[in-house]
Amino acid sequence: MSMTFSQWLTHSSDTDFESFVRTRRDLLQPESPTIPSLAAAASSRIGVSRGIEALTSAQLDVFIDLAKAARTSTDINVRENRHIDDTLAEAALPRLRDLGLAWPSSETTWRIQSEAITLLPTSAAESARAHPWQAARTEPDSSTESIPTTLIHNSERAAVAEVISSLRGLVDELATSPISRLTSGGISKRDVTRIGRTIDLGLEQTITLLLAAKSLSLIGVLDDPLDPQWTASDDAANVLEGDRAELWAALMTSWLREPLDVTQLAAGASANERLTVLASPKKSLFKGFSQSQPTMPLLRFTILEILGGIGLGSSRSAEWIHAQVLAARPLIPAHDFAMTEAILHTVGAFGLATTPLQNAQHFGPSRFGALLAEGLQTAMSAQAAQDPSIAPVNFSLESLAVPTDVVDAVRLGLVDEVETVLIQSDLTAVATGPIEPRVHHILRRFAVVEARGQGTVYRIDADTIEASMQTGINAADALAQLAEISAEALPSTLEFLIENTASKLRRVQVAGARAVLVVDDPVDLDVILSDQAMLPAGLERLAPTVAVGQLGPERTMHLLESAEHHALLHSPSGPVRKRRVITQAEPEVHLRKRARVTDDHLGEYIRILRSPGARAVTTTSTDEPLGHMDRLREAAEAGRTVTITLADSHGQERVIDMLPTTVNGGRVRGTVKTTGAEASLSIARIVSVDVTEDPSAAAEEQS
């Protein structure tokens with residue numbers, strides 16, 4: 001006799017039952033420790049979907065073959081089905097059973113959850129082409145290459161120093177040259193490319209740092225309704241000048257949790273739709289199987305796991321790593337090699353991976369990367385023990401954070417920041433190590449970044465000097481500021497460049513506007529002109545009620561206030577208001593999680609489920625959609641009639657006697673007993689389900 005899923009749970013061995021319960025901790029509900037409720041949760045659409053996400057590619061291929069066979073026959077004889085590989089099935093079936101996706105219905109046949117048929121590609125059209133995770137036509141390069149320990153240490157330290165320097169340069173660039181928002185609220189590709197050229201980074205790396213800077217509230221939008229601009233936040237300087245290891249850890253955590261894919265932001269969603277950076281996409285960028293876990297964070301975590309498994313001092317090809325991603329997480333929409341490759345390059349730029357000197361397409365973990373991968377795996381295991389609802393994938397977005405031991409290792413690996421640079425006669429300024437922010441800001445006034453690493457190279461030319469002098473810096477000030485940070489005397493070529501640029505610019509000078517006093521009564525102006533305290537203002541009367549001074553408006557206003565002359569500073573646009581930067585934080589979302597069975601109570605919960613009271617499958621009406629689905633599915637498999645109470649759109653109830661045939665996609669299909677017509681009913685509208693008593697089953701239960 002064929003068994004339904006509830007019956008298999010009831011009659012399964014203690015070993016098989018406990019293995020299923022421990023694997024699907026996300027299904028256990030303390031308020032209803034019964035076999036029917038457990039079976040209903042496992043057979044629901046979300047329960048089946050989460051189980052499928054935990055499959056490897058080999059297991060998923062077997063399960064898809066089972067789902068295709070289930071379209072024509074409920075009971076599947078695996079050995080006699082020529083479309084199912086016996087060897088692969090023998091290896092995959094225990095895992096499918098532990099996940100509650102398939103179970104032995106008799107000694108020779110298996111059954112699967114019917115919801116899987118609509119979730120998986122089982123149609124003839126979908127079966128005619130290879131699945132995305134099977135796209136690789138050739139075997140990837142599986143060779144390994146060793147990486148010397150000294151190279152790993154140097155590359156990871158240089159990468160950490162460079163990414164911190166790049167982040168500082170990015171925020172500094174937005175502070176000095178704010179970028180107007182588009183109607184979509186983001187930054188155009190042209191502006192992003194310009195920023196990338198300024199800080200010597202590629203498009204994808206610039207986008208990565210922009211997204212991280214926004215997440216860390218280092219950049220925001222200027223509070224100006226007429227011209228809102230992306231610029232540095234009010235407290236960005238304090239954050240960037242803080243502990244560099246903590247800054248790197250915050251950057252890594254932000255990147256790990258970032259939901260957007262940089263490759264698609266760089267390329268656009270389609271040929272006709274261009275995406276802007278720092279703006280939320282209007283629709284999902286991913287097609288295909290819907291994931292219960294955030295796609296990009298899970299993909300980055302998986303790649304770090306694979307890198308950690310390669311081992312310190314060894315490396316594998318990017319194609320091999322991509323193949324491992326597809327094998328471990330086949331349903332992640334990462335089937336495009338460019339996506340995996342972009343993440344690997346980013347991981348290398350962050351100091352988490354390194355490459356051999358002779359082969360830039362091989363990647364291996366750095367010390368920081370190996371420690372981070374191990375720490376994240378430990379954090380996921382600890383989170384799974386506290387919150388079993390993250391099973392069976394065992395991934396939690398909240399656990400994606402850099403552990404303290406990794407931060408300590410990075411802090412020990414960083415060298416001290418340099419406070420002086422070597423300015424050479426070829427007009428390059430070389431910082432021999434990570435540069436101190438104050439020195440960087442001085443150099444950014446007169447130079448552009450030419451190269452980054454553990455050190456930084458700046459290029460000084462006539463354009464940069466002219467741009468700085470146009471802001472109001474004279475030749476003496478420029479030479480004094482550069483001499484302050486120079487390790488040696490300034491070269492004569494630099495002095496000549498600055499003096500020559502200044503002589504060209506000073507031929508036409510623009511001074512600040514002088515103050516103009518306007519009074520209502522000429523007597524008031526007489527009093528001000530006769531006051532000795534106002535002599536520094538150099539006031540000259542032009543008319544009975546008008547005088548012009550030699551000082552600016554703010555300084556003249558200060559003299560008037562000190563001499564106790566009441567005055568109002570004129571502003572054509574109203575009172576002066578200090579503008580502030582608004583950092584756009586993500587809205588806080590409170591998720592209400594259902595209570596789960598903890599490790600302390602798991603043994604007692606299993607004992608209750610195995611007790612005779614929990615095994616009994618009653619035939620009374622149900623009051624939950626999951627119970628409805630489970631009852632209807634088992635009635636369809638047993639060929640038994642059910643009495644369904646259905647509510648229409650107006651809340652009116654009617655009773656239908658039906659012989660159900662299939663239950664999937666949130667609907668039950670079957671034959672109405674009174675008319676013989678085929679019907680399809682929405683399970684969401686079902687109020688109750690009563691199963692007609694089966695005399696043979698009742699007799700078997702009594703025996």
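Buried here means under 20% relative accessible area, exposed means over 50%, and partly exposed is in between (1.4 Å probe, protein chains only). You're looking at a predicted model, where local features need pLDDT of at least 70, side-chain atom pairs count only at pLDDT 80 or more, and totals for chains, interfaces and linings use all residues. Residues are numbered from 1 along each chain as its sequence is written, and side-chain values use heavy atoms, with hydrogens and water left out.

**The chain overall**
- The protein chain has 29 helices and 22 strands, taken as DSSP runs numbered from the N terminus (helices are H or I, at least four residues; strands are E, at least two).
- Take the contacts (heavy atoms within 4.5 Å) between residues at least 6 apart in sequence: 68% of them join residues at least 24 apart.

**Helix α18**
- Helix α18 covers residues 367-386, and its 20 residues should span 28 Å at 1.5 Å a residue, which agrees with the 29 Å between its end C-alpha atoms; the expected span is 1.5 Å times one less than the number of residues.
- The buried residues of α18 are Phe-368, Gly-369, Leu-372, Ala-373, Gly-375, Leu-376, Met-380, Gln-383 and Ala-384.
- Those buried residues pack against α9 (149-176), α13 (244-257), α15 (295-310) and α19 (404-413).

**Thr-150**
- Thr-150 is found in helix α9 and counts as exposed, at 58% relative accessibility.

**Aromatic pairs**
- The whole structure holds 6 aromatic pairs, meaning rings of Phe, Tyr and Trp (its six-membered ring) with centres within 6.5 Å; planes under 30 degrees apart count as stacked, over 60 as edge-to-face and the rest as tilted.
- One is Phe-5 with Trp-103: the ring centres are 5.0 Å apart and the planes at 55°, so the pair is tilted.
- Phe-5 lies in helix α1 (residues 5-11) and Trp-103 in strand β1 (residues 102-104), so this pair ties together parts 98 residues apart in sequence.
- Phe-5 is buried at 4% relative accessibility, and Trp-103 is buried too, at 1%.
- Trp-255 and Phe-350 make an edge-to-face pair, with centres 5.4 Å apart and planes at 85°.
- Phe-5, Trp-8, Phe-20 and Trp-103 form one aromatic cluster.
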